[in-house]
Amino acid sequence: MNLRTYAPLILFFLISVVQLTAQQTYSIKGVVKDNLSGEPLPFVNVIIWNSLNGSVTAEDGSFTIQGVPPGSYRLQASFIGYKPFVTAEFRVVKSDVFVGIEMEESSQNLQEVNVVATPFRKTAESPLGLRVIGFKEIEKSAGGNRDISRVVQSFPGVASTAAFRNDIIVRGGGPSENRFFLDGVEIPNINHFSTQGASGGPVGIINPDFIREVNFYAAAFPAARGNALSSVLDFKLQDGNQEKSSARAVVGASEVAFSANGPLGKKTTYLVSVRRSYLQFLFKAIGLPFLPTYTDAQFKIKHQIDKQNEISFIGLGALDDMKLNTGMKDMSDENKYILEYLPVVKQKTYTLGAVYKHFAGHNMYSLIASSSYMNNKNLKYKDNIEEPERLSLDYNSGESEFKLRSENLFRLPYIQLAVGGNVEYIKYTNESYQKIFTDRPFIQEYNTSLGLTKWGVFATATYESYNERFTASLGLRTDANNYSTKMNNMVDQLSPRLSLSYRFYKDFYVNGNIGRFFELPAYTSMGFKDNQGEYINKVNGLQYIRSDQAGIGLEFRPKSYLKFTAEGFYKHYDRYPMSLTDSIPLASKGADYGVLGNEAVQSIATGRAYGLELMGRWYNYKGLTFIASSTLVRSEFKDGRNTNRYLPSSWDNKHLFTFSGTYSLPRNWDVGAKFRYVGGAPYTPYDLEKSSLVEAWDAKGNLYYDYSRFNSGRLKSFTQLDIRIDKSYSFKKWMLGLYLDIQNALNSTYNQPDVYIKTGKIMNPEAPVSQQRYELKPVKRTSGTLLPSIGIMIDF
């Protein structure tokens, strides 16, 4: 490696030796309320978790904890008649902070029961498959680049794909099976340059500075969160500081960012951020063939109307522009291969939402309204020469969503009831021109303007026994839409689910869940037309995807900061869209740039995923936080040509192992590491006979798979070690944070299937055009390189 490689390390340690001023101390202020009535709770004991420093709330529910040095903290609240509560983690940086605490009334007298407060939360509705992720795990995760999509890879059941992608693969399910919520507002995707119809991209949209915590559901999805088969990520945002305005500037591994928060009045707070990437410079420096540039912005405004009513306004938007790096000198054959097929991508996306909450004694009512939009443009010319006759792809699609959802939560003796419903209007447009080759070349060209109305209702009843030894949750959800007679009957999408949890000995629990879940196929499939203008997939009887799922697990909590779990799961898929072109279920697609589902399909694929997850989690005790997880998983779908045979899906990694941890040292140093082992993924060999045809290659600019040998090969497993070092300095009126992140510290390589590029030579120029073939040259493909980067954070 040259000096440029070591420069970030040298700069980091030169800065870190600077001597700075003595450490300041601050106060933590806040108020404790009942979570349903909104009434302040007096005489609540509030302490810093795992410490003796604390306070007791006054008559108005307020409290103050003084003498707190800068750092990351949680608060623990306890009060007779209420469940003990541990808050999400938060930062004390350069000024006093305000923390709101909402406590849930218990169905028992807690004077007689020893219930331990812990940051490991589970609900009666989701007793297994739920992981709560704090902001510190996001901010200081080694190799995570402050990106939640990469941080969740530390948890059991979550696989990863090739480098520079954020596809979320959970328990053997495809990347299109995940749903995302931001303070209750559903957002269509969380990544820049996302794959339309799926979830992945190279980098996240959400600014981690705003995140309070994330509820990551890998199973037992709440009935209020529909349309998910593999996971739900429910982001909880911070509120702006009620005491004083503050700001943060960040120069990270891939972007520069600025965020600010504070009061807009006595009852109103704000959060706002803007980020701009310089990822294109990094990609150009390491010789990648694509140069992505992105900008995103985010805000939250919260207004306390009165003691019983509040409203929040949330916004998130992104502009993406990916160019091709065609001007590289000494271009590698691998980069030539990528540039041959990769289109120019431009995307716009935004979500605007409002969340109104009304607290009324033993009832809380929520109304969520939102509008989302995504525009996806892909453009490709043969040999990247922009001449009209060389155009092979001109794709311009838009998805507009207008959503209204109502949720009502009732607290009754021993039982809690949640009911609600939603109505949505969707507008999907597509102007598509594409050269295609099957057994001959042809042009696929159509124009879609599809209007769609969706609706759904849900209800959940949860029960907690005396001393919380036994909990049960029974839920029901159903959805429908006016796309076709195959989807407009709510009875066809009845989605029951049952969850149980029992503490059978001291701190040992057995948890279980069984349910049926539905997901609407991608709009790209619903709006696909043939060249005659027919909604071909409506004619083909496209239906909701169905998945029957069951899980059982053991849980052991020997300490408030330590938990061990073992969970087994089984998922059966039915009515999955099957490609009529290649007889492959869409469940095995979606982890590449472009579009998923824009083809003729039929709802006939069936599959299954099953496995065992083991996890040990130690949370922020004596400076240590870590997750150790191991997963055995199989993911299979029946062969479209032989319905009696199961074949591995593209996510059948068999074994996953991750260790991820951070340790806080004296003088505000933190060190972290993540080691990851991912079993080899299946792959489909290429059809060189078809690929070498001039008409076939010119239509696609890429190789064609031999789907008669679908996933018959398997790659080798790969490992990766990431290391991170953080250091912060506290001044009187500002704070400086520095980090060094080394991704793939062992410089491990990941071998991918060999590919081929055309040499430009036609081997039989005398033959008819339909029989002419390019000479193809084999290319070895590997990924993985040591990548050091530094980050600078300034709070003021």
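**Aromatic pairs, strands and a distant contact**

The structure holds 28 aromatic pairs, where rings of Phe, Tyr and Trp (its six-membered ring) pair if their centres lie within 6.5 Å, and planes under 30 degrees apart count as stacked, over 60 as edge-to-face and the rest as tilted. This is a predicted model, in which local features need pLDDT of at least 70 and side-chain atom pairs count only at pLDDT 80 or more, while totals for chains, interfaces and linings use all residues. Residues are numbered from 1 along each chain as its sequence is written, and side-chain values use heavy atoms, with hydrogens and water left out.

Biologist: What is the angle between the planes of Tyr 561 and Tyr 621?

Modeller: A pair of aromatic rings is described by the distance of the centres and the angle of the planes. Tyr 561 and Tyr 621 form a stacked pair, with 3.8 Å from centre to centre, and the angle between their planes is 5°.

Biologist: How many residues apart are Tyr 561 and Tyr 621, and where does each lie?

Modeller: Helices (H or I, at least four residues) and strands (E, at least two) are DSSP runs, numbered from the N terminus. Tyr 561 lies in the loop between strand S32 (545-559) and strand S33 (562-579), whereas Tyr 621 belongs to strand S34 (residues 601-621), so that the pair links distant parts of the chain, 60 residues apart.

Biologist: Is Tyr 561 buried or exposed?

Modeller: Buried means under 20% relative accessible area, exposed over 50%, and partly exposed in between (1.4 Å probe, protein chains only). The relative accessible area of Tyr 561 is 11%, and therefore Tyr 561 counts as buried.

Biologist: Which residue of S38 is the bridge partner of Thr 662?

Modeller: Two strands pair if DSSP finds at least two bridges between them. Strand S37 (residues 654-665) and S38 run antiparallel and are joined by 10 bridges. They form a hairpin with 3 residues between them, and Arg 667 in the turn has a positive phi of about 60°. In S38, the partner of Thr 662 is Gly 672.

Biologist: How far apart in space are Met 364 and Asn 35, C-alpha to C-alpha?

Modeller: Met 364 is found in strand S25 (residues 363-381), and is buried, with a relative accessible area of 14%. Leaving aside neighbours within four places in sequence, Met 364 is in contact (heavy atoms within 4.5 Å) with residues including Asn 35, Leu 36 and His 358. Met 364 and Asn 35 are 329 residues apart in sequence, and their C-alpha to C-alpha separation in space is 8.1 Å.
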